[in-house]
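Reader: I should like to go through this complex with you, beginning with the overall picture and then turning to particular places. Shall we start?

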Amino acid sequence: MYRLLRLFKSKLRILSIFVGALGLTFLFMNCGRIGGFALKDVTGTSDQGSSAINPPLPPVDQKLCTTTSVPGRVGLQRLTSRQMENTLRDLLGITVTLPTTFSRDDQMGGYVSLPETQLMSSQFVDMQMDFIFDLADKVVTQAPAVVISCAYANSATCVDKIISDFLVRAYRRPLRTDEKTSFVTQYNNFSGTAQEKMKVVIASILFSPQFLYREITNPPPGSSNYLALSSYELANRLSYFAWETMPDAQLFAKAQSGDLSKPEVLTAELQRMMQSPRIEALARSLAEQWFGYGSIWTHSLNSTTFPNFNTAMKQSMYNESVQFIKYLIQQNRPVSDIAIADYSFVDSNLATLYGLSLPANSPLTFTNIVNTKHQGILGHPGILALTSSGEKTSIVRRGLWANEKLLCTTFGAPPAGASTQLPTNLPADATPREVMEAHRANPSCAACHNYIDPPGMVLESFDPLGRIRTTYSTGRTIDTSAKLANGVSFLDTKDLNAYLSKDKNFSECVTKKIMPVIVGRVAKFEDTCSVKTIAEGKLPTDITFRQLFENMIKSMVFTMQAGE
Amino acid sequence: MKPMNRRAFIAGSAKTIIALPLLEAMFLTDKAMAQAASTMMPRFSFMYFANGVVEFEGSPTSMDKLTGILAPLAPYRQHLVAVNGLSNRENSSWDQTGGPIGGLGTPHETEAATFLTCSKLGSLGELRVNPSIDQIIGMSLQNKYSTKTSALVIGAGDALSGIGQGDVNMAYHTLMSWKSATQYVAPFMTVNAVFKEMFSSAPPTTTNPDLVKLQNQKKSILDAALSQISSMRTRLGTADQVRLDQYLTGVRDVEKKVNAIVTTGPACPTVTAPQDYNPGDSGQFESYIRTMIDLITISFQCNLIPVANFMFTRGNGGARSGVGGVPDDQHEVSHYADDTAKKDKLRKINTFYYSMFAYYLKKLNETMELDQPMIKNILSLYGCSTSDAQLHDGSNATIMLAGGQNLGVVTNRVLDYGLIADKPYGTGKPLANLFLGMSNVAGVGLTKFANSNAAINLKA
């Protein structure tokens with residue numbers, strides 16, 4: 001099916017990832033709670049066990065589905081640099097800062113935790129070795145109680161306890177046969193002082209792939225079989241998207257008891273985590289990976305024209321969107337706020353861009369945004385700067401951003417033979433809008449640009465820093481009216497935002513956009529029904545952002561793993 | 001403990017030559033010098049700039065015509081070989097049927113990953129690249145001379161910028177050096193990182209007990225990792241096994257590094273930490289490149305690496321403005337069409353990048369190694385897959401070679417394979433032929449590289 005979809009895409013070169021009307025038989029019934037499995041004895045040496053093959057699937061809303069939903073598969077995810085930093089901090093109980101040279105995360109469409117894009121290089125392993133080596137030295141020297149819980153120098157029992165406690169927490173799951181023994185043996189066989197032995201073992205555990213990767217139990221290959229995630233696997237998945245770190249004590253306890261496999265317990269844990277200040281980690285992930293803020297630090301504008309687009313300004317822009325997302329989650333705001341929120345978080349840097357006056361050095365504070373053009377994420381200066389380049393705005397970049405990030409419409413490469421250069425035979429004072437109109441006169445360009453350009457034309461009311469403007473430097477008035485390919489017309493950003501806030505597809509698109517951050521894979525055709533179920537078929541005004549997360553963690557998208 | 005290896009011996013004998021009384025040294029003939037140099041490790045560098053140049057202005061018809069954007073190179077003409085008209089077109093956007101290959105876009109999206117690999121690329125979710133020539137040469141020399149790494153790979157830190165790039169894996173934009181089909185070599189992006197990697201850690205030696213102790217600790221950690229990897233591997237599906245194998249390769253490379261016995265070159269200076277520069281800041285970009293070039297030069301001088309690889313920017317230049325005093329985005333300027341103002345801006349940008357290569361040649365030329373300028377012991381390649389920035393179709397690569405005379409390379413000449421705009425598919429001589437020729441200079445013993453059909457003989 002997916003192959004068919006790719007073909008479809010390559011022919012038409014444009015489509016939403018989801019086409020819900022292919023009329024396929026709906027196979028799985030609405031049948032009860034998810035399965036689950038947990039070991040009672042965390043430190044035991046028994047196997048992880050295996051859950052029943054093909055347990056009952058979580059319910060989907062059949063009224064919304066015209067296609068089958070089947071569990072998907074997530075490959076081996078590596079801890080991202082931020083996840084590693086946080087995990088080491090929580091695991092070791094000491095301050096940990098990754099070297100800046102180390103924090104390179106491969107990304108696809110902004111997402112950094114998709115296994116397909118997480119390539120591994122020898123340099124990474126090399127830096128990891130040096131970093132872990134020094135870190136282990138720090139641990140044995142500082143001897144934090146969370147790791148070094150007893151005097152091990154002359155006590156085999158204590159060595160055993162330290163290693164097995166540390167291993168369970170570092171691997172974030174019950175131990176497998178022989179795992180503890182192999183490290184105790186390493187300790188005993190290494191020739192050196194007790195402290196050197198302990199250092200070598202701690203470094204070895206942190207250097208193991210079991211620490212670096214998040215492994216999920218796989219069903220036997222070669223069939224359509226699937227498994228329910230174990231309660232430990234659920235705990236890890238939950239913790240890494242919500243807080244970007246290893247499970248805390250309470251989450252581990254719920255995993256150990258097996259309770260986490262109950263949907264109501266899983267939901268309660270998510271709610272607890274969302275109320276914590278640590279949920280800012282999720283807000284940062286979404287700002288960076290969904291909205292594209294990951295690249296703001298290296299983004300540049302013409303420094304003569306925009307000298308104030310400096311690191312301090314970038315930081316303000318980034319903080320604004322992060323606090324905005326955090327607020328949406330914690331205040332349980334409707335999805336439509338993403339498009340039409342009449343508030344944001346503004347400091348004195350941003351005030352100049354919003355046309356507000358704040359005293360110098362005012363920190364970021366909740367601020368009512370009265371100007372309707374500036375409302376919602378499309379009015380955030382950071383987004384508007386990220387989609388500009390040099391000294392100009394770009395209808396194409398902004399249009400692509402709105403299409404890909406908010407409408408879930410993606411585009412392939414320009415078709416063969418299409419000229420990617422813009423017409424140059426226009427008057428010197430031609431507006432960007434006129435340039436794009438001339439470009440769309442070519443039907444092979446218009447096929448995509450009829451979709452790409454309209455949101456970009458609406459956003460021409462903002463300069464590269466996100467300030468509202470009404471004329472170009474040529475003196476020509478900016479026309480922000482546009483018509484989407486589906487016939488809907490807009491006069492300005494207020495209309496575009498209002499349109500999004502009332503579009504059911506927007507709820508589904510947001511669901512798809514948060515999914516890679518939550519589960520580590522992109523929504524595919526087979527997930528259509530799950531996505532619809534998560535979005536509940538509701539208008540963005542009628543479902544909260546937080547509800548999407550709660551619905552997703554109960555869905556098969558989150559709780560099931562298919563075979564290869 | 002490994003016995004003292006061959007390279008340590010060579011470096012030792014080189015030191016003896018240096019230590020000869022001045023008078024005797026003066027009587028060494030050029031031939032004897034060249035012979036002494038020939039026992040040294042051959043070294044190679046690969047440097048890259050993005051987006052191409054104005055028409056064919058990077059491809060001179062004779063070495064007397066190093067003018068315009070090439071003017072910065074004129075003082076070094078006796079060291080240069082211009083290689084014109086080679087095609088990397090199989091790897092650009094359009095295949096023989098006129099359609100994009102593997103669903104990929106224009107060469108901007110693919111240029112970095114195709115430049116030194118000459119390979120077709122897999123599309124989204126399916127990374128597929130041949131090993132790159134810098135790694136092939138580097139890995140071969142690493143095995144022969146037991147260096148710590150196969151190559152020092154550097155790239156300006158804008159590797160991840162950009163929004164709305166469609167389906168194309170960002171790795172193709174940003175990564176030029178590939179060890180295997182799925183395993184890239186991550187570039188060091190900061191001055192500090194390169195300094196730390198090359199100069200800040202003392203190598204283990206048999207005479208320093210503290211260092212031997214650290215080496216033994218690392219060996220134990222590596223052994224444990226290998227055993228953990230093999231136990232995890234059995235539980236994984238095939239795609240995940242490939243991922244884990246990449247980690248395994250990394251662990252094995254660290255093992256080689258830990259076991260390497262590092263000896264420094266005959267004229268290795270003491271290096272202090274240089275100032276760090278932010279390549280994302282247009283005011284610091286030039287200092288960043290110069291400092292990296294300084295570090296590369298010293299790494300060669302100290303015999304630490306067989307190969308250096310430096311991408312001045314990522315595949316399409318990134319969202320980078322201010323290069324060469326041109327305030328506009330350099331990628332936007334490269335689409336100059338018939339706009340003469342834009343052409344002039346692109347020339348300024350091109351001139352800036354050639355002046356950076358000229359700075360590198362100046363450093364190599366000033367650094368003496370066995371009384372010879374080091375430039376003669378190192379074969380350097382500079383360029384990009386495209387010649388005409390406006391067309392950027394990969395049918396005429398812009399390539400300048402420099403140095404390597406003591407490796408047998410004949411310089412001060414133009415190798416012309418026909419500059420014809422927009423060559424029909426498959427008609428140009430493959431760029432891979434040049435890389436095969438370079439591997440012959442390195443003595444790798446390859447018979448074919450990617451789509452090569454004959455090696456270019458650089459020695460005659």
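Author: One term is needed at the outset: a residue counts as buried when its relative accessible area is under 20%, computed with a 1.4 Å probe on the protein chains only. The model is a predicted one, and in chain A buried residues make up 60% of the 564 residues.

Reader: And what share of chain B counts as buried?

Author: In chain B, 61% of the 460 residues are buried.

Reader: How many helices and strands are there in chain A?

Author: Chain A contains 23 helices and 12 strands. For chain B the figures are 13 helices and 9 strands.

Reader: What about accessible surface, chain by chain?

Author: Chain A exposes about 20,700 Å², with 53% of it supplied by carbon and sulfur atoms. Chain B has an accessible surface of about 15,900 Å², and 55% of that belongs to carbon and sulfur atoms.

Reader: How much of the contact set links residues 24 or more positions apart?

Author: Taking contacts with a separation of 6 or more, such pairs account for 72% in chain A and for 74% in chain B.

Reader: Turning to confidence, what does the predictor give for the complex?

Author: The complex receives an ipTM of 0.85 and a pTM of 0.74.

Reader: And the pLDDT of chain A?

Author: The average for chain A is 87, and 88% of the residues score at least 70. Residues 1-50 of chain A have a pLDDT below 50, although this stretch has 134 contacts in the model beyond near neighbours in sequence. Where pLDDT is low, the predicted coordinates should not be read in detail.

Reader: Which stretches of chain B fall below 50?

Author: Chain B averages a pLDDT of 80, with 77% of the residues at 70 or above. Among the stretches below 50 are residues 92-105 of chain B, with 37 contacts beyond near neighbours in sequence. Residues 159-167 of chain B also lie below 50, and that stretch has 35 such contacts.

Reader: Let us change topic. How many cavities of 30 Å³ or more are there?

Author: The count comes to 17. The second largest cavity holds about 190 Å³ of space.

Reader: Which residues lie nearest the centre of that second largest cavity?

Author: They are Ser122(A), Gln123(A), Asp126(A), Thr149(B) and Asp253(B), out of 17 lining residues. Two elements give two or more residues to the lining, namely α3 (122-142) of chain A and α9 (238-259) of chain B.

Reader: One more topic, the backbone. Where is Cys408(A) found?

Author: Cys408(A) sits in the loop between α16 (395-406) and β9 (409-411) of chain A. Its phi is positive, about 55 degrees, although Cys408(A) is not a glycine.

Reader: Why does Cys408(A) count as buried?

Author: Cys408(A) counts as buried because its relative accessibility is 7%, and the limit for that class is under 20%.

Reader: What is the phi of Ala450(B)?

Author: Ala450(B), which is not a glycine either, has a positive phi of about 50 degrees. Ala450(B) belongs to the segment after α13 (431-442) of chain B.

Reader: And how does Ala450(B) count in terms of accessibility?

Author: Ala450(B) has a relative accessibility of 28%, so the residue counts as partly exposed.

Methods. Residues numbered from 1 in each chain as written. Chains lettered and ligands numbered in written order. Predicted model: local features only at pLDDT ≥ 70, side-chain atom pairs only at ≥ 80, totals over all residues. Heavy atoms only, no water. 1 Å grid on protein atoms, 1.4 Å probe; cavity = no way out; pocket = protein on both sides within 12 Å on 5 of 7 lines; lining within 4 Å. Points joined across faces, edges and corners; volume = space filled by probe spheres on them. Helix = DSSP H or I, 4+ residues; strand = E, 2+ residues; numbered from the N terminus. pLDDT = per-residue confidence, 0-100. Contact = heavy atoms within 4.5 Å. Buried < 20%, exposed > 50% of the residue type's maximum accessible area, 1.4 Å probe, protein only. Areas by Shrake-Rupley, 256 points an atom, 1.4 Å probe, with all protein chains shown as cover.
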